[in-house]
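Please walk me through this structure.

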Amino acid sequence: MTIGRGRALTDLIAAGERSFSFEFFPPKDEAGETQLWDAVRALEPYRPTFVSVTYGAGGSSRGTTVRLTGRIARETSMLPMAHLTCVGHTRGELEQILDEYAAAGVHHVMALRGDPEAGPRAEWTSTEGGLDHADELVELVAARREFRIGVAAFPERHPSSASLEQDADVLAAKARAGAEFAVTQMFFRASDYFSLVERVRARGVDLPILPGIMPILNLQAIRRQGELIGTDVPADVVERISAHEGDPVSMRAEGITQAAELCQELLDGGAPGLHFYTLNRSKATREIFEKLDVTP
């Protein structure tokens, strides 16, 4: 079920429907673009609520992101949500990018502070005439009254945050600034997600929070990424995956099984849906859907 221009994700969830969504990133070459569109076409039959396209640090993929989201809007039945970050942009440049999105038929934006170009653990550097916080970007986008707005959430502590409580304060501020829903960073314990939801609800904010899912297909790669973004790979997860070391086929199958178990626990516990980090491939997501009995 896609979100129409006038229908918010909150309306969909209030009607008792679940949201399934997918995230892609701008490819670097023609082969990568072919792979991306193969994934888009393979996942389109699942009728996602939306698909998001990431935005490179400092605007490095700005043109590609605008082009891809516009193409998804024109050539598919799916609703594209474009990422937008504060990194390296003035207010005027951000307004210009929003103009480009609107002209391309894209009216849903994932508003993010974004990571410094040196990575999420690097010190934040302000841009003269720009914005320093995601809630400021949400306010800027919301003032235009032509975009629906999503934001990021962190079940585990953001690398630049002092505490989980501060993370919840930040998410609540983004909701009050005009965000309609949030998507979490990847995580591997359902309890981390549900604790985040409780912290946000305790602040009087009823923002739908979609859990972000990335199956472990390569343990070392996930560990490296987790260290960068502050996501822990629990010991029991490592143990189950490592039991298949030396057999990449069975190791991959175990990663899919664990992701499906996490998804089921989240849905059973009341999560409003699932957001899949696809890495521009469709197979793993489709395999998880098969285990969850989700059909096109």
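Helix H9 covers residues 235–242. Its buried residues are Val237, Val238 and Ile241; buried means under 20% relative accessible area, exposed over 50%, and partly exposed in between (1.4 Å probe, protein chains only). Seen down the axis of H9, these buried residues fall within an arc of 100 degrees, so they line one face of the helix. The arc is that of the directions from the helix axis to the C-beta atoms. An α-helix has 3.6 residues a turn, so residues three or four places apart point the same way. The face of H9 turned away from the buried side carries the exposed residues Ala235 and Glu239. Helices (H or I, at least four residues) and strands (E, at least two) are DSSP runs, numbered from the N terminus.

This is a predicted model: local features need pLDDT of at least 70, side-chain atom pairs count only at pLDDT 80 or more, and totals for chains, interfaces and linings use all residues. Residues are numbered from 1 along each chain as its sequence is written, and side-chain values use heavy atoms, with hydrogens and water left out. pLDDT is the predictor's confidence in each residue, from 0 to 100. The protein chain averages 87, and 89% of the residues score at least 70. Over residues 1–6 the pLDDT is below 50. Where pLDDT is low, the predicted coordinates should not be read in detail.

Next, the aromatic rings. The structure holds eight aromatic pairs. Rings of Phe, Tyr and Trp (its six-membered ring) pair if their centres lie within 6.5 Å; planes under 30 degrees apart count as stacked, over 60 as edge-to-face and the rest as tilted. The rings of Phe22 and Phe289 have centres 6.1 Å apart and planes at 65 degrees, so this pair is edge-to-face. Phe22 lies in strand S1 (residues 19–24) and Phe289 in helix H11 (residues 283–291), so the pair ties together parts that are 267 residues apart in sequence. Both residues are buried. Phe22 and Phe289 form one aromatic cluster with Phe20, Tyr46 and Phe276.

Now turn to strand S2, residues 50–53, where Val53 lies. Val53 is buried, with a relative accessible area of 2%. Leaving aside neighbours within four places in sequence, Val53 is in contact (heavy atoms within 4.5 Å) with several residues, including Phe24, Leu68, Ile72 and Met81. Thr54 is found in the loop between S2 and helix H3 (62–75). Thr54 is buried too, with a relative accessible area of 18%.
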